[in-house]
Amino acid sequence: MSARWRVLVGFAVLLALLPLVVPNSFVLDLVNRIAINAIAVIGLNLVMGYAGQVSLGHAAFFGIGAYLSGVLPSQYGWPPVAALGAGLAAAGGLAFAVGRPILRLKGHYLAMATLGLGIIGAIVVTNESRWTGGPDGMPVDALTLFGHGPGNEKGWYAVLAVALWLTVWLAQNLVDSPVGRALRTLHGSEPAAQSVGIDVPKYKVRAFVVAAMLASFAGSLFAHYVGFITPQVSSFMHSIELVTMVVVGGMASVWGSVLGAALLTALPQLLADFEGWEMVLFGGLLVVTMVLLPRGVVPTLARRLGGRARA
Amino acid sequence: MLSEFLQFLFAGVTSGSIYALAALGFAIIFNASGVINFAQGEFIMLGGMVSVALAAAGLPLPFAVVASVLVSVVVGIGVEKGAIEPARRAETVTLIIITIGASILIQGLAQVIFGKGQHALQPFSGDTPILVGGASLLPQSLWVLGVSAIVVAALWGFFNRTLAGKAMLAVSYNRLGAQLVGIEPRRVWLVAFGLSGGLGAVAGALSAPITMTSYDAGLMLGLKGFVAATLGGLGNGLGAVVGGLLLGVAEAMTAGYVSSAYKDAVPFVLILLVLVFLPRGLLGARSADRV
Amino acid sequence: MRFGGVQALAGISYLVQPGRVQSVIGPNGAGKTTLFNVITGVYRPTEGRVLLDGDDVSGQSPDRLARRGVARTFQNLQVCLQMSALDNVMAGAHRHLGQGLLPSLLHLRATRRADAQARDAAMEWMRFVGVDRYALRDADGLPYGALKRLEIARALASKPRLLFLDEPAAGLNPTEKVAMRDLIHAISERGVTVVLVEHDMKLVMGVSERILVLDYGRKLAEGSADEVRANPDVVAAYLGHG
Ligand SMILES: Nc1ncnc2c1ncn2[C@@H]1O[C@H](COP(=O)(O)OP(=O)(O)OP(=O)(O)O)[C@@H](O)[C@H]1O
Ligand SMILES: [Mg+2]
């Protein structure tokens, strides 16, 4: 078995054993939210960490999945799974359509454009209250397939653990493939990538589409899991949360994304005890972490430990 | 008809001036350090909130406003010293996250100190509207326009006529070269953050009587300032002013003639369209990348 | 080719001769790199045309040209420092690998096998240029000379017909320069047509069968090493401001 598969099997075992040590459903709920975020963050890391393209509007794609899963089943009678598929198609389609003109941009101009895209998404969701319930949000039907659903937190955990494991597996495959190498090459040097025949815009768009679909997938799962969504899911702050998870966990590291999602999903819960001071502490911790570990937690630790565990 | 148009134009130019000041803050920091400072909006928020709090505590309005500017200058310098300088060599995205962290921190502090409510500052010279061509113009709008114009002129003078200003420009053109002639980039960054902090606070205090303010008012203003700065071409001072005004007017016209619900989307639609056709903004350089 | 007010190249007609080593020389700023950039598609010429096998390829993107067998190295190194040396070279084989998104996502057996072959081939090329001992190291931190060779290995891994080398010996010490000359010979012997930009005259005269001399964006002379050396314009240009 290759090292890669040993780690993947280890991860599967960890996921299988985790419910045994989780003390209560409150913590299990947290774990579930971490898994959902991690799926979106892994996708975003493909764009940011591997392909090197900043995206500050990723919550728009999360929002597409969440709202299509919210609106289509409850108002148009779609089966939830079909709505989830529609979300994937819509997010992927949008990413494909806007990818070429936007990903041509460099640096802060790209940050600006993706940010703009995200904010437009949030404004649409807030204003089209006929479908979305506007700023107050909307309830979402339960996720079911042939009449069966995950039910309680435990059932959801099973679904989300499988989804997360598959996402990690797909991302690891992609990273360690000709396509992944092309992405890393164009990140390192676009002239170099072109000089060896890599169609740079095409590959950027590919990473963007995959990331958008993963975000939409996570958004759909989130909507069904929580049962209620508000425009917050597609807001600028949510985009920033996702980016922060990528960067804190570590750019160009799939495991970093999982860790980043875990840390930043759990942190607000831990800070909730410091009533009123959550934002101060969150902001402060963010600054301190990034100053001390500018490459993110996983790559920095990997380097410190001297290992070559570049996941 | 005309009076309606004028009314929208006044509103647009007023908010456009605020965006222009915000955009100048982005441009100054970007020029000096290459950093996009997502905490820029918080400086604007501080200008409004600190003025409100001090005025409420009984300080005469002019003193409250000046104090708010000073506070914001200090906060700006604090951001640079505490968050940017220690991470100078980090990647762009990391720096973006750091400024966002600083922004959340400042917002959090404002929330703890001033609470969550909405506040309005009293207008600087009453609120009896002046009628111009059938449209009414608030005296506060005149304050906004006048002070913005003075600030822009002063900045122009600073960067083109004073040694310190020229030194700052020199750093943005060629950091190493500037260092060789004895300009210390770190000092320049510090000045840039302080200056942007002050600029933001001026904008915040000026607009607080018109738009109300709250601890989280900085986010949208900051983002629109970023749009305005990008619209004109990042790091271009004139571009920032033009971008800000353009944005304000486009927004006001949309709100007036099309849909006020989608008014906030206007800047972002505009910037996407501009960037698709002009990847470096309206006034940005158009050179081929060298290899 | 002009950039705003700068006429970087004017009235050049240049025929790359298949199967030979040829050089482009000229003082700094003469337009040598620009010529490479125009030929390899980095710049779209403002006037004139580039032909490959008789097809007009002017302004075609560099990646399309690369897929037709045009490879190059860069005067300012374009190595991906965040990748291992081996990955850099494997990237060179991109056009010969399965490029579908799904096979890559699913790690299909065919993709894996092609990738494993590319890895072996890349190791082979690294050995050929003499940087195999760095294979698993991050490119960041390799010695300058090794990076220059790494770029050549990457270009070779794309199995080009035409290889453009922009100042491969710049910054190398005398021993390394000699080794570079031998490497260029060896590449040529494998049937790759090499075009070289170089300031080191000993190297240029030693390897090239034909030389093109540029000055201020114009063709000053073209011919064999001896012809060029004897050309009074060339001598004047080099003594004048070389
Ligand atoms: N992208 C560009 N934009 C503007 N001017 C350019 C660009 N690329 C090259 N030039 C100009 O074209 C001229 C030729 O440059 P080029 O790099 O081709 O010279 P070179 O012969 O390769 O010189 P060197 O020996 O120093 O490498 C120079 O005046 C240069 O400044
Ligand atoms: Mg050159």
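Biologist: What is the relative accessible area of C:Gln75?

Modeller: C:Gln75 has a relative accessible area of 30%, so the residue counts as partly exposed. Keep in mind that this is a predicted model. The cut-off for buried is under 20% and for exposed over 50%, with partly exposed in between.

Biologist: Which residues coordinate the magnesium ion (ligand 2)?

Modeller: The general idea is to list the donor atoms and then ask where their residues sit. Here OG1 of C:Thr33 and OE1 of C:Gln75 coordinate the magnesium ion (ligand 2), at 1.9 to 2.0 Å. The two residues come from distant parts of the chain, 42 residues apart: C:Thr33 is in helix α1 (residues 32-39) of chain C, and C:Gln75 is in the loop between β6 (70-72) and α3 (85-92) of chain C. With a relative accessible area of 15%, C:Thr33 is buried. Water is not among the atoms, so a site may look incomplete.

Biologist: How do I read an interface, and what is the area buried between chain B and chain A?

Modeller: Interface size is often expressed as the accessible area lost when the parts come together. Between chain B and chain A about 3800 Å² is buried, and carbon and sulfur atoms give 83% of this area. The contact involves 49 residues of chain B and 41 residues of chain A. The count of salt bridges between chain B and chain A is 0.

Biologist: What is the area buried between chain C and chain A, and what share do carbon and sulfur atoms give?

Modeller: About 2800 Å² is buried between chain C and chain A, with 57% from carbon and sulfur atoms. Of the area that chain C buries against chain A, C:His94, C:Leu105 and C:His107 supply 21%, more than any other three residues. In residue terms, 31 from chain C are in contact with 29 from chain A.

Biologist: How many salt bridges are counted between chain C and chain A?

Modeller: Side chains of opposite charge can pair when their charged atoms come close. Between chain C and chain A the count is 4 salt bridges. One salt bridge joins the side chains of C:Asp138 and A:Arg303, at 4.0 Å from N to O. A network of salt bridges also links A:Arg181, A:Arg184, C:Asp87 and C:Asp115. Over all chains the count comes to 25.

Biologist: Which parts of chain C are tied together by the pair C:Lys177 and C:Asp200?

Modeller: First take the distance: the closest N and O atoms of the C:Lys177 and C:Asp200 salt bridge are 3.3 Å apart. C:Lys177 lies in helix α7 (residues 174-189) of chain C and C:Asp200 in the loop between β8 (193-197) and α8 (201-207), so the pair ties together parts that are 23 residues apart in sequence. C:Lys177 is partly exposed, at 23% relative accessibility.

Biologist: Where in chain A are A:Lys106 and A:Glu190?

Modeller: Their side chains meet in a salt bridge at 3.7 Å, N to O. A:Lys106 is in the loop between α4 (80-103) and α5 (107-127) of chain A, while A:Glu190 is in helix α9 (residues 190-195), 84 residues apart.

Terms used. Residues are numbered from 1 along each chain as its sequence is written. Chains are lettered from A and ligands numbered from 1 in the order in which they are written. This is a predicted model: local features need pLDDT of at least 70, side-chain atom pairs count only at pLDDT 80 or more; totals for chains, interfaces and linings use all residues. Side-chain values use heavy atoms; hydrogens and water are left out. Donors are N, O and S atoms within 2.8 Å of the metal (3.2 Å for Na, K and Ca); water is not among the atoms, so sites may look incomplete. Helices (H or I, at least four residues) and strands (E, at least two) are DSSP runs, numbered from the N terminus. Buried means under 20% relative accessible area, exposed over 50%, partly exposed in between (1.4 Å probe, protein chains only). Contact means heavy atoms within 4.5 Å. Buried area is the accessible area (1.4 Å probe) that two parts lose on being put together, summed over both.
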